[in-house]
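These are my notebook entries on a single protein chain. I record below what I looked up, entry by entry.

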Amino acid sequence: MKVSATIELIWQLACREAIAAEFKEVAPEHFLMALLKLAETPVSDLEQLGAGMEAARVLSADAAALREELGSRGINSGTLRRELRTLLGRGSTPYQGGQIHRAPASRDYFDKAAKLAGDAGSDVLMGRHLLLSLLQEPTPPMAQVLARGGQAGEAAPAAPLVVLYEHGKDLNRAVAEQKLAQDKERLAEARVLLRVWEQSQRHSAFLASDQPEAVRKTVFTAVRCLSAGDTPAGLRGKRIIDLSEVGGGTTRAKATVELLERLLDQAAAVPGVVLFLPAVGSKGAKMPAWTEMLKRTAAQGKVQFVARLAPELRTAVEKDPAWKRIAQVISLAREKATEIPSEL
């Protein structure tokens, strides 16, 4: 796919942002700041930047499209850009000269933008396509500034991913930024979990264990496997959002139930999301109230999830016809697994 003169300029602006803030690579946030800067640039300045009349025309038209898109969302480009720059802060790699490259996450957004362009019938990648890819699936810093400000006039409703990031953590991004441990513990069980996520039906999982850390290691290892390349078609585009700590360890309080139900509703609007949910049950406990909504939305194919299941509740889940149609129960060994567990 060809790229417009606008993309070349956005690339330059994003590199300047990354270099000025001493980042090693050009992150998605730098590209968003570049797009916002371009939207603010007067037409007369854009005409001077364009190498020839055609390039100047493309720059002006694409900048106008950016302003229209931001305006329709009630976003003030200057406010959002300044807040994002402040939140992102400074890196730790002063520029030493030479070429600076895009971060892997940035390349992913360009791939998504190219798909958006193709779906729209365009063989040229424009700035608006990149902006849409960033706003549709914002990174946690983007989601944070979009949730708390950057709007002009009456605030627009928060996008579903913005709400999810407000209460959870994007594990795909955590892996890309090497913020998750790189050990290979629970690799066998993680591979079993990936096989469940890959299916078109019964693609959610309960991890039966009384060890929270074993469950976390299994999920984290599965996410690392997703980013390792050669991802099967059924797993491409999966985004794992960690909501396991919502409620601070309790899922009984009314406010927590309401919040989890709200998050389930938001997740239902985002294709490809897998929720790592709070533990279901504890010794002697019944299924928590919010799992009724989970059962309904998952049965409709709107939510995919993984959650720790108290072993005492395993029989109840496996005997429930509705849960059997939705999720598979995977047993986690108490010791580190070195091969695929026999009990699935």
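This is a predicted model: local features need pLDDT of at least 70, side-chain atom pairs count only at pLDDT 80 or more; totals for chains, interfaces and linings use all residues.

**Entry 1. Two packed helices.** Helix α11 covers residues 187–198 and helix α12 covers residues 212–226; I noted an angle of about 65 degrees between them and an axis separation of 8 Å. The range from 65 to 115 degrees counts as roughly perpendicular, and α11 and α12 are therefore described in that way. I recorded the crossing of α11 past α12 as right-handed.

I then listed the residues that meet. On the α11 side they are L187, E189, A190, L193, L194 and W197, and on the α12 side T218, V219, T221, A222, C225 and L226. I kept a general point beside this list: an α-helix has 3.6 residues a turn, so residues three or four places apart point the same way.

**Entry 2. The sheet.** In what order do the strands of the open sheet lie? I read the order as β3-β5-β6-β7-β4-β8, six strands with mixed pairing. The edges are formed by β3 (169–170) and β8 (327–331), each of which pairs on one side only.

I followed β6 through its neighbours. Strand β5 (residues 239–242) pairs with β6 in the parallel sense over four bridges, and D242 has F276 of β6 as its bridge partner. Towards strand β7 (residues 304–309), β6 has five bridges, and these two strands also run parallel.

Is β6 mostly covered or mostly open? I found that β6 (residues 273–280) is mostly covered, since seven of its eight residues are buried.

The bridge partner of A205 in β8 is Q328.

**Entry 3. Helices around the sheet.** I found helix α9 (residues 160–167) lying across β3, β5 and β6, at about 45 degrees to β5. For helix α14 (residues 291–299), I listed the buried residues as T291, M293, L294, K295, T297 and A298. These buried residues pack against α13 (254–267), β6, β7 and α16 (321–326). After α14 comes G301, with a positive phi near 75 degrees.

Entry 4. I began from a general point: most residues other than glycine have a negative phi. Which value does phi take at E22? It is near 60 degrees, a positive value in a residue that is not glycine. E22 sits in the loop between α1 (5–20) and α2 (28–40). Its relative accessible area is 26%, so E22 is partly exposed.

R202 is another non-glycine residue with a positive phi, of about 50 degrees. I located R202 in the loop between α11 and β4. With a relative accessible area of 36%, R202 is partly exposed.

**Entry 5. The loop at N76.** N76 lies in the loop between α4 (53–72) and α5 (77–88). Why does N76 count as partly exposed? Its relative accessibility is 30%, and the partly exposed class lies between the 20% limit for buried and the 50% limit for exposed.

I checked two distances from N76. A polar atom of the N76 side chain lies 2.9 Å from the backbone nitrogen of T79. E40 is 36 residues away from N76 along the chain, and their C-alpha atoms are 9.7 Å apart.

Conventions: Residues are numbered from 1 along each chain as its sequence is written. Side-chain values use heavy atoms; hydrogens and water are left out. Buried means under 20% relative accessible area, exposed over 50%, partly exposed in between (1.4 Å probe, protein chains only). Two strands pair if DSSP finds at least two bridges between them. A polar contact is a pair of N or O atoms within 3.5 Å; within protein, one must be able to donate a hydrogen and the other to accept it, and residues adjacent in sequence count only if both atoms are side-chain atoms. Axes are lines fitted to C-alpha atoms, for helices over the stretch in contact, and angles run from 0 to 180 degrees between N-to-C directions. Angles under 35 degrees count as roughly parallel, over 145 as roughly antiparallel, 65 to 115 as roughly perpendicular and the rest as oblique. A crossing is left-handed if the near helix is turned anticlockwise from the far one by less than a right angle, and right-handed if clockwise. Contact means heavy atoms within 4.5 Å.
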